[in-house]
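Please look over the sequence and the model below before reading on.

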Amino acid sequence: MPAVLPPGNVLVTGVSGFSGIWIAHALLANGYHVRGTVRNPKKGAHVAEAFKNHGDRFKTPNAFDNAIDESITAVVHVAGVAELNATNSSDIFGPNTDGVVNLLNSTLRRGKNVKRVMYMSSAQAMLGNDDIFHVYTEDDWAEKDLALAQEKGSEAGGQALYRASKVLAERAIIDFVENHKNEIGWDAVRILPAWIFGPVIHDWKTIDDLNLSSKVMYQQLTTPRDDDKVNEYASEYIDVRDVADAFVAALKVEEAGGERLLLDAGAYTYQNLYDAVHKVAPDLEGVVRGNPDAPPFAFPGAFVDSSKTISLLQLKPFRSLGETAVDTYRSIQAKLREPAA
């Protein structure tokens, strides 16, 4: 399908969330019109205030069917549940899998001028290889977790349920496009980021209200570890601003249609994180220093191979771990220092 260029009108679901608001920001900055769906009117008001300078180029309708009409040229589906501790399968499969199918059906019915549907999946949809040093590619799927979830349902555990929900959502998209190829005028792109960190600009009140990844990063930065554990694996990462730029690029590149695209800036230990932060911001208070004298250790690279994505979309170098972590921490601290409403 042809690329979707500005000033195309792009529907962004979950626009009030951590990633959704950044994707909308990047789209608006690139000259697109954005229509964003929200489930919470108060959060919708926060987004509308954030984008008020863009005038009528940003709007917030209610549900999918109200959001999709002949003016929409692309759909970016970000809405979903990021939860690794769920105990009820319906809490995960409802929003993460059924929600995707509902959106596809709405697009089929009402999106007559849609040219591309983009779905934010997750690197979790690939994981589970027994080799801890396996480097994941577009051909990897979390088959073990899918099988476990299908066998045990809610008893499979939150991680397996989340991974399975993302696998099933991706495969539902593949099947839908194939089954309706003679009825639709759009293709689909699936983007799989690693753990997404970066500055928090969506609406939240307390640490408990934060999205999962921001909460994880904040805890990593502020919770001391024993000296003999600072060189343990902490996470993969990708900056939310780089994720947003990738979504914009994938709209503009015709050849991205139908692809599964991975985003991962690298793997890090806890000490890697502490050192990166204090190198970027030596005077930053409140961040753990760990054991600066620990034997230096770094992973050879990311455990998810983003080379295809970077080449296809012509992405600029990803933000460093230090920049991402410092901006995450500062944005959270700034909010915590605000006087109570």
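## The chain as a whole

What share of the contacts in the protein chain with a separation of 6 or more comes from residues 24 or more positions apart? In this predicted model, such residues account for 81% of those contacts.

The protein chain holds 11 helices and 10 strands. Its radius of gyration is 20 Å, close to the 20 Å that the globule rule gives for 341 residues, so the chain is as compact as a globular protein of that length. Along its principal axes, the C-alpha trace spans about 60 × 45 × 40 Å.

## Surface and charge

Of the 341 residues in the protein chain, 52% are buried. The accessible surface comes to about 15,400 Å², and carbon and sulfur atoms hold 49% of that surface.

Strands of a sheet pair through backbone hydrogen bonds, either in the parallel or in the antiparallel sense. Here, seven strands form an open sheet with parallel pairing, and their order is E3-E2-E1-E4-E5-E6-E9. Strand E3 (58-59) and strand E9 (260-263) stand at the edges, where each has a single partner strand, so one side of each is left without a neighbour in the sheet.

Within this order, strand E1 (residues 9-13) pairs with strand E2 (residues 33-37) in the parallel sense, over five bridges.

## Strands E7 and E8

Strand E7 (residues 196-197) runs parallel to E8 and is joined to it by two bridges, with Ile-196 standing opposite Ile-238 in E8. Is strand E8 (residues 233-239) mostly covered or mostly uncovered? Strand E8 is mostly covered, since six of its seven residues are buried.

Most residues other than glycine have a negative phi, and most peptide bonds are trans. Against that background, the peptide bond from Pro-6 to Pro-7 is cis, with omega near 5 degrees, and Pro-7 lies in the segment before E1.

The other spot is Gln-314, which has a positive phi of about 55 degrees although it is not a glycine. Gln-314 lies in the loop between helix H10 (307-313) and helix H11 (321-336). With a relative accessible area of 65%, Gln-314 counts as exposed, because that term applies to values over 50%.

Note on methods. Residues numbered from 1 in each chain as written. Predicted model: local features only at pLDDT ≥ 70, side-chain atom pairs only at ≥ 80, totals over all residues. Heavy atoms only, no water. Helix = DSSP H or I, 4+ residues; strand = E, 2+ residues; numbered from the N terminus. Rg over C-alpha atoms; globule rule 2.2 N^0.38 Å. Buried < 20%, exposed > 50% of the residue type's maximum accessible area, 1.4 Å probe, protein only. Contact = heavy atoms within 4.5 Å. Areas by Shrake-Rupley, 256 points an atom, 1.4 Å probe, with all protein chains shown as cover. Pairing = 2+ DSSP bridges.
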